[in-house]
Amino acid sequence: MLVAKTHKSGVVTLTLCRAAKRNALSGALIEALGTRLDATRDEDMAVLVVRGDGDRAFASGGDLDELSAIRTVEAAADMSHRFRAVLEKLRSFPVPVIAALNGDAFGGGAELAMACDLRIAAGHARIGFLQGKLAISTAWGGGPDLFAALGISRALRLLGRAEILSAPCAREWGLLDAVADDGQPFEAFVDAYVAGFSERTPDVMRAFKALAHAARIGAPRDAALALETKHFARTWADDAHWAAVEASLGRAGKVQE
Ligand SMILES: C[C@@H](C(=O)O)C(=O)SCCNC(=O)CCNC(=O)[C@H](O)C(C)(C)COP(=O)(O)OP(=O)(O)OC[C@H]1O[C@@H](n2cnc3c(N)ncnc32)[C@H](O)[C@@H]1OP(=O)(O)O
């Protein structure tokens, strides 16, 4: 199995299972990820976590052995479209997607991390857009994502110098949202971070993700506002809202007089 799926209280986790090759993104692995995402999107969950197996790599990039068979402009463009289409499934996934970097995210692996809404990492993890070193540019939407996340100068610096950032440095730059403390087991760190989201109702997390996606794609303001009203009205009228109001007023379970 190339992509394993586990469930835990409002959280679905997809794990890239190719640790022996440092979770290098082969065509089969990317296809398996796309299939898993399609089969998962309608499930009842607050958040999706994507991680790599093992502790060396989240994903070491495109599978350099396999991709070396691609030699023409047309075949390269086709590969770019096919792989990007799978990463788009993460960008438009109906609930927030958290990349949990158990290890390094390099090249296409960094693009995969950027396709997620949030990134958290083990202390030893590194992130690097190494494409320039291989005399290629980004291919799967990671370039635009990086410029949106870091601004022009920092993104160009990372790409142009093929710099590798340590997790603490990436955290400082805002590329990572959280980094595990020294000695903190990675699973416990991920669980603790994710718990802050999984306490929310799946509907509310879908609403927040819709707004996040609108922001990512630069949706016109009118469209973003229409989305906001649609989701707000639906969540407002939902029983979960009134139960939460009662609980916050300390009236949970009391009979109304
Ligand atoms: C194509 C492009 C794109 O954007 O599309 C990119 O991704 S450009 C970026 C491409 N990525 C990279 O340049 C990073 C390449 N990988 C690494 O730097 C390293 O493997 C680390 C990720 C730091 C892990 O180092 P570590 O010492 O733990 O493992 P290692 O280097 O011995 O690798 C273990 C096994 O995984 C394989 N392996 C590692 N990365 C691979 C990759 N990207 N494609 C295909 N195989 C890969 C190695 O050949 C080796 O296979 P055997 O055990 O059979 O010998």
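A: A charge sits over a ring if NZ of Lys or CZ of Arg is within 6 Å of the ring centre and within 35 degrees of the ring normal. Here Arg154 lies over the face of Trp173, at 4.3 Å from the ring centre. This is a predicted model, in which local features need pLDDT of at least 70 and side-chain atom pairs count only at pLDDT 80 or more, while totals for chains, interfaces and linings use all residues. Residues are numbered from 1 along each chain as its sequence is written, and side-chain values use heavy atoms, with hydrogens and water left out.

Q: How many aromatic pairs are there by the ring rule?

A: Rings of Phe, Tyr and Trp (its six-membered ring) pair if their centres lie within 6.5 Å; planes under 30 degrees apart count as stacked, over 60 as edge-to-face and the rest as tilted. That rule gives five aromatic pairs. Tyr193 and Phe197 form a tilted pair, with 5.6 Å from centre to centre and 50 degrees between the planes. One aromatic cluster is formed by Phe232, Trp236 and Trp242.

Q: Where do Tyr193 and Phe197 lie in the chain?

A: Helices (H or I, at least four residues) and strands (E, at least two) are DSSP runs, numbered from the N terminus. Tyr193 and Phe197 are four residues apart in helix H8 (residues 186-198), so about one helical turn separates them.

Q: Is Tyr193 buried or exposed?

A: Buried means under 20% relative accessible area, exposed over 50%, and partly exposed in between (1.4 Å probe, protein chains only). Tyr193 is buried, at a relative accessible area of 17%, whereas Phe197 is partly exposed, at 21%.

Q: Which residues are closest to the ligand?

A: A residue is near a molecule if one of its heavy atoms lies within 4 Å of it. In this model 21 residues surround the ligand, and the closest are Lys21, Arg22, Ser60, Gly62 and Gly108. The shell has eight nonpolar, six polar and seven charged residues. For these classes, Ala, Val, Leu, Ile, Met, Phe, Trp, Tyr, Cys and Pro count as nonpolar, Asp, Glu, Lys and Arg as charged, and the others, Gly among them, as polar.

Q: What is the distance from the side chain of Arg22 to an oxygen atom of the ligand?

A: A polar contact is a pair of N or O atoms within 3.5 Å; within protein, one must be able to donate a hydrogen and the other to accept it, and residues adjacent in sequence count only if both atoms are side-chain atoms. An N or O atom in the side chain of Arg22 is 2.7 Å from an oxygen atom of the ligand. A polar backbone atom of Leu64 is 2.9 Å from a ligand nitrogen atom, and a backbone N or O atom of Gly108 lies 2.8 Å from a ligand oxygen atom. Of the 1,000 Å² of accessible area that the ligand has on its own, the protein covers 67% (Shrake-Rupley method with a 1.4 Å probe; for residues, only the protein chains shown count as cover). Helix H2 (64-67), strand E6 (104-106) and helix H4 (108-115) are the elements that give two or more residues to the shell.

Q: Which backbone angle of Arg22 deserves attention?

A: Most residues other than glycine have a negative phi. Arg22, although not a glycine, has a positive phi of about 55 degrees. Arg22 lies in the loop between strand E2 (11-16) and helix H1 (27-40) and is partly exposed, at 37% relative accessibility. Ala162 also has a positive phi, near 45 degrees. Ala162 is in the loop between helix H6 (152-160) and strand E9 (164-166) and counts as buried, at 11% relative accessibility.
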